[in-house]
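Hi there,

Here is the structure I promised to pass on to you. Please have it open while you read, and my notes on it follow below.

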Amino acid sequence: MDAPITIRLGARARQRITQEGLQAADVAIVPAAAGGPKGLILHGIDTWLFGEWLANAPRERRLIGASIGAWRMAASALADPVAAHRRLAHHYTHQTYPAKVDAAYVTRNVRGILDEALGGHGGEALSNPWYRLSVITARGIGPLAQTRGVRWREMAGFLLAAAGNAVARARLARAMERVVFHDARDDSAWLRERFDPFGTQFAALSEDNLRVALLASGSIPLLLEAVTDIPGAPAGTYWDGGLIDYHLHLPYQRDAGLVLYPHFSDHIVPGWLDKSMPWRRARDAALDNVVLVAPSPSFLARLPNRKMPDRGDFKHYGQDHASRIRDWSFAIGESERLAEALARWVEKPDLKQAGGF
């Protein structure tokens, strides 16, 4: 039977694992991509990593995510990460919508899911003795700084941004900038020297802004309402962090440790608007110390509709909420096999099984 997981290694990560194996104590950064329901397929790995493997080798680690990835990393930083991940998976899976909704309705629903996932324990993510959480958002500049909640302005601004991005990713930087909300105990020094065309600003996470920063990080344009004027952050309008950092193509090589990246894809796409542009997939030195683990094609072929959950399922299943919830729940259950396969690989890394970027 084919392996349930695909492993990809950067050159430095491969050399280190060849010499020393893969040690939990070597893992310094855990990134988590945007991607909505796709993040559910990593539930099994998340609970094993933060409930067992990494928990048994405590050290300071950076957890960084955008959109659903930021929610997953916030859950991971709570005192009981397994219970938090189970709440997140359950409430995310059981979200339902009538046939016609507006952005205000979706925003209220998503805010409720986030509150259920945090379970009143959000402050624990800011005081975890080992984990340093970072939440990535996108802040509008240029035309997107002037939308003021007006739908046609937002639509026009994003059409212009998408047109610019189609020409060059650097042009998207004229429409939005990255704002990183980071643990106040971590200055995010590894991100402060410019590494791509986007301006980056920083704001310390606090009890006052954690929840709203997490909501902003998952606020999909036009589908949800934008988030404005976050406490302790630059004034302005904020949207989903995946617009700039879909798969988190960040300068990981600046950290001496390993980057363990549970991902729903075996490749890294810089921005959400780059999904249909395979020539923009990341293959550079930033990934030298990355260990990426993703579901294999054979694993996905066993799931309902032969794929992982995704946002298109809301349209595919329509008002048949029970069938969607059933199929998403099955996928979440199957994700335990990914965790089991990763645990076996960690115990005895098979470098022949691992590809490169």
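The second largest cavity has a volume of about 50 Å³. A cavity here is a set of points on a 1 Å grid over the protein atoms alone where a 1.4 Å probe fits but cannot get out, and lining residues have an atom within 4 Å of a point. Grid points are joined across faces, edges and corners, and a volume is the space filled by probe spheres set on the points. The lining of this second largest cavity is made by Pro304, Asn305, Lys307, Met308, Pro309, Asp313, Tyr317, Asp327, Trp328 and Ala331. Helices H12 and H13 each supply at least two of its residues, and H13 gives the most, with three. Helices (H or I, at least four residues) and strands (E, at least two) are DSSP runs, numbered from the N terminus. By class, the lining of the second largest cavity holds six nonpolar, one polar and three charged residues. For these classes, Ala, Val, Leu, Ile, Met, Phe, Trp, Tyr, Cys and Pro count as nonpolar, Asp, Glu, Lys and Arg as charged, and the others, Gly among them, as polar.

Before going on, please note that this is a predicted model, in which local features need pLDDT of at least 70 and side-chain atom pairs count only at pLDDT 80 or more, while totals for chains, interfaces and linings use all residues. Residues are numbered from 1 along each chain as its sequence is written, and side-chain values use heavy atoms, with hydrogens and water left out.

Back to the cavities: a search of the whole structure finds three of 30 Å³ or more. The largest cavity has a volume of about 70 Å³, and Gly39, Leu40, His43, Asp46, Ile68, Arg72, His85, Leu88 and Ala89 line it. Helix H2 (43-53), H3 and helix H4 (81-93) each give at least two residues to that lining, with H4 giving the most, three. Sorted by class, the lining of the largest cavity has four nonpolar, three polar and two charged residues.

Now for the pockets. A pocket is an open set of points with protein on both sides within 12 Å along at least five of seven lines. The largest pocket has a volume of about 560 Å³. It is lined by 27 residues, and those closest to its centre are Gln95, Tyr97, Leu223, Arg311 and Phe314. H3, helix H5 (103-118), helix H12 (313-317) and helix H13 (321-347) are the elements that give two or more residues to this lining. H5 gives the most, with three residues. The lining of the largest pocket splits into 15 nonpolar, nine polar and three charged residues.

The second largest pocket has a volume of about 410 Å³. Among its 22 lining residues, the closest to the centre are Ile220, Pro221, Leu243, Trp272 and Arg311. Helix H7 (residues 151-167) contributes the largest share, four residues. In this lining there are 13 nonpolar, four polar and five charged residues.

The axes of H3 (residues 68-76) and H10 (residues 210-217) come within 8 Å and cross at roughly 145°. Axes are lines fitted to C-alpha atoms, for helices over the stretch in contact, and angles run from 0 to 180 degrees between N-to-C directions. Ala70, Trp71 and Ala74 in H3 meet Leu214, Leu215 and Ser217 in H10, where contact means heavy atoms within 4.5 Å. This contact has five nonpolar, one polar and no charged residues.

Finally, here are a few single residues. Thr147 lies in the loop between strand E4 (131-140) and H7. Thr147 is buried, at 1% relative accessible area; buried means under 20%, exposed over 50%, and partly exposed in between (1.4 Å probe, protein chains only). Leaving aside neighbours within four places in sequence, Thr147 is in contact with Arg153, Glu154, Thr237 and Trp239.

Asp255 sits in the loop between strand E8 (237-240) and strand E9 (258-262), and Asp255 is buried too, with a relative accessible area of 14%. Not counting residues up to four places away in sequence, Asp255 touches Arg12, Ala28, Ile29, Arg62 and Asn289.

Enjoy exploring!
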